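Me: I would like to go through this structure and ask what stands behind each label. Please set the value against the cut-off each time.

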Amino acid sequence: MSRGIPRPRALLLGLSGMLLLSACRLPAGSAPPPARDAHRLPIHRVAGPAGRVDSGFSSTLRAADPARRFTAIVDLTEQLDLREPVGGRRGAALSKAARRAAVISGLEQVADRQQQRLRPLTDRLLAEGSLSYVRPVAIVNRLIVEGTASGLLALAADREVAAVLPDWTSEPGTSRGEAVGSGEPAPLGDTFRSWAIDAMRADRLWARGLDGKGVVVAAIDTGAFESHEQLRGRRLPESRGWFDPVEGSSEGADGHGHGTSVLSQAVGGNPGGRLVGIAPGARWAAALGNWKNYYSRSRMTLAADWVLRVARPDVVVNAWSHDEGECSEFDRAFIDAWKAAGIFVVYPAGNAGPNPSTGESPAQLAGIFPDGGPVFSVAALAPSGVVHALSSRGPSRCGSSGFPTLAAPGADLPYAATAGPRAYLRGQGTSLSAGLVGGAAALLLQADPELPPEALERILVRSARDVPPAGRDDAAGAGSLDLEAALALVLAEAGP
């Protein structure tokens, strides 16, 4: 196995556990979608590349020691067309809970059907030892496997398989997902107030009773120190609130600190006059997708699948990026599925500024569900109101016409640190900006829980305050997020 991609101890299983894993509880009060014939679900048939194995990976496998084991991503040929469950007149009439249930059900049915057809082969390879484990997911019709070269090549030869990819990881290099910057001891005293609260006008919404209550914000990051006073007591219960694909732990932890810092911006509870979070009434869930702040395809797939099918949040904050090619498409399927299921998705623009075309992926991707638009990405503002020098600039190198989308505070921000339950640091970076926008989305979704993500994106852009120079630009996008103006648009569109 590749270093930095620990085998998920408590979660590994053979394909025989697939149907149990793919079961998904629906939110309380939601009716399950009507049963459908899986053979009638709309699917895209994906033709695999020649040999079906990534070219560089194929060479590695064929030259490998027969006993060596690899972690690999195995994508199957049938993928759900996400437009069908939420499209047309029927889709427009669905509640958000029903929309989510329809998308999850469709993905699971397509995956279950084809993965079952592959089961005789995987069971045989498991029995003979050429595969060590097989982990199915449904957000993409995919298997995560560990096995020898012969086992992986045997899988690749099957007609159900579209592609076999190596489990790429950013380790041992520096992950570009680390966007907090250098934290500094914060001489904050017993009480303090983040300047972001006033800059974004979050306090105006708090005065109207909007604090994120009833909304769930999830984060995929380095973890979450749930004993910190900013997060304590508001995690979703049991397996819906925390996912650790590395050790299988049941209590939220963060060995790096990045995830805790970002989550505190979104949902910090602001105890004792220590005001950090934008949506202090929201609940949270977290997945350890970036173990030690290193990206890997396998962990991100597991985390993305868990967010969709188990956590089922209203907002997901993805404060990470990676260096696997400036326009890597690997994460696109996750973003599309989350948005199809009615989840607002936000990414940081990156910390490679101030030069032009310094965006990071997947934040600078285009072609996202439902209409081929950009990923919703956030630039960082300094307290003076100008775009911070570290914030990545457009134009996108990946065809996005709206990168970055807008800007939010991203420097000199107090955040929850992992040194203790009342530890704080100050920091900077677009990851903190993305966390703030995730909290802002929670306030607006409390005002209108049925607001679909594409409508919320449009409202945030339309209501943004201009940041000089005038008009949209490649530094601040549409401008600085303005929650009071955004709420006015939400209420106007919702009507009485």
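Reply: A definition comes first: helix axes are lines fitted to C-alpha atoms over the stretch in contact, and angles run from 0 to 180 degrees between N-to-C directions. The model is predicted. In it, the axes of helix H5 (residues 96–128) and helix H6 (residues 149–156) come within 11 Å and cross at roughly 170°.

Me: What makes H5 roughly antiparallel to H6?

Reply: Angles over 145 degrees count as roughly antiparallel. The crossing angle here is roughly 170°, and that makes H5 roughly antiparallel to H6. On the H5 side the contact is made by Leu118, Leu121, Thr122 and Leu125, and on the H6 side by Gly151, Ala154 and Leu155.

Me: How many residues of the contact of H5 with H6 are nonpolar, polar and charged?

Reply: The contact has 5 nonpolar residues, 2 polar and no charged ones. Gly counts as polar in this scheme.

Me: How do you know that a disulfide joins Cys327 to Cys398?

Reply: The cut-off is a pair of cysteine sulfur atoms within 2.5 Å. For Cys327 and Cys398 the S to S distance is 2.1 Å, so the pair qualifies. A search of the whole structure finds 1 disulfide.

Me: Why is the disulfide of Cys327 and Cys398 called left-handed?

Reply: The torsion about its S-S bond is about -95°, and the disulfide is therefore left-handed.

Me: What does the pair tie together?

Reply: Cys327 lies in the loop between strand S13 (315–318) and helix H11 (332–340), while Cys398 is in the loop between strand S15 (377–381) and strand S16 (406–409). The pair therefore ties together parts that are 71 residues apart in sequence.

Me: Why is Cys398 called buried, and why is Cys327 called partly exposed?

Reply: Buried means under 20% relative accessible area, exposed means over 50%, and partly exposed is in between. Cys398 has 18%, so it counts as buried. Cys327 has 26%, so it counts as partly exposed.

Me: Why is Ala416 called buried, and what does Ala416 touch?

Reply: Its relative accessible area is 0%, so Ala416 is buried. Ala416 is found in strand S17 (residues 413–416). Not counting residues up to four places away in sequence, Ala416 touches His228, Gln230, Thr260, Ser261, Ser264, Ala423 and Tyr424. Ala416 and Thr260 are 156 residues apart in sequence, yet their C-alpha atoms are 6.3 Å apart.

Me: Why is Asp482 called buried?

Reply: Asp482 has a relative accessible area of 4%, so it is buried. Its place is in the loop between H13 and H14. Leaving aside neighbours within four places in sequence, Asp482 is in contact with Met200, Arg201, Ser463 and Arg465.

Me: Which residues of helix H13 are buried, and what covers them?

Reply: In H13 (residues 453–463) the buried residues are Pro453, Ala455, Leu456, Glu457, Ile459, Leu460 and Ser463. Their cover includes H5, H11, strand S14 (344–348), S16, H12 and helix H14 (483–494).

Me: Which residues touch the most other members of the largest nonpolar core?

Reply: Of its 56 residues, Phe344, Val437, Leu444, Leu460 and Leu483 do. Helix H12 (residues 430–447) gives the most to this core, with 10 residues. Leaving aside neighbours within four places in sequence, the contacts of Leu444 are Leu205, Leu456, Leu460, Leu483, Ala486, Leu487 and Val490.

Terms used: Residues are numbered from 1 along each chain as its sequence is written. This is a predicted model: local features need pLDDT of at least 70, side-chain atom pairs count only at pLDDT 80 or more; totals for chains, interfaces and linings use all residues. Side-chain values use heavy atoms; hydrogens and water are left out. Helices (H or I, at least four residues) and strands (E, at least two) are DSSP runs, numbered from the N terminus. Angles under 35 degrees count as roughly parallel, over 145 as roughly antiparallel, 65 to 115 as roughly perpendicular and the rest as oblique. Contact means heavy atoms within 4.5 Å. Buried means under 20% relative accessible area, exposed over 50%, partly exposed in between (1.4 Å probe, protein chains only). A nonpolar core is a set of buried Ala, Val, Leu, Ile, Met, Phe, Trp, Tyr and Cys residues joined through side-chain atoms within 4.5 Å.
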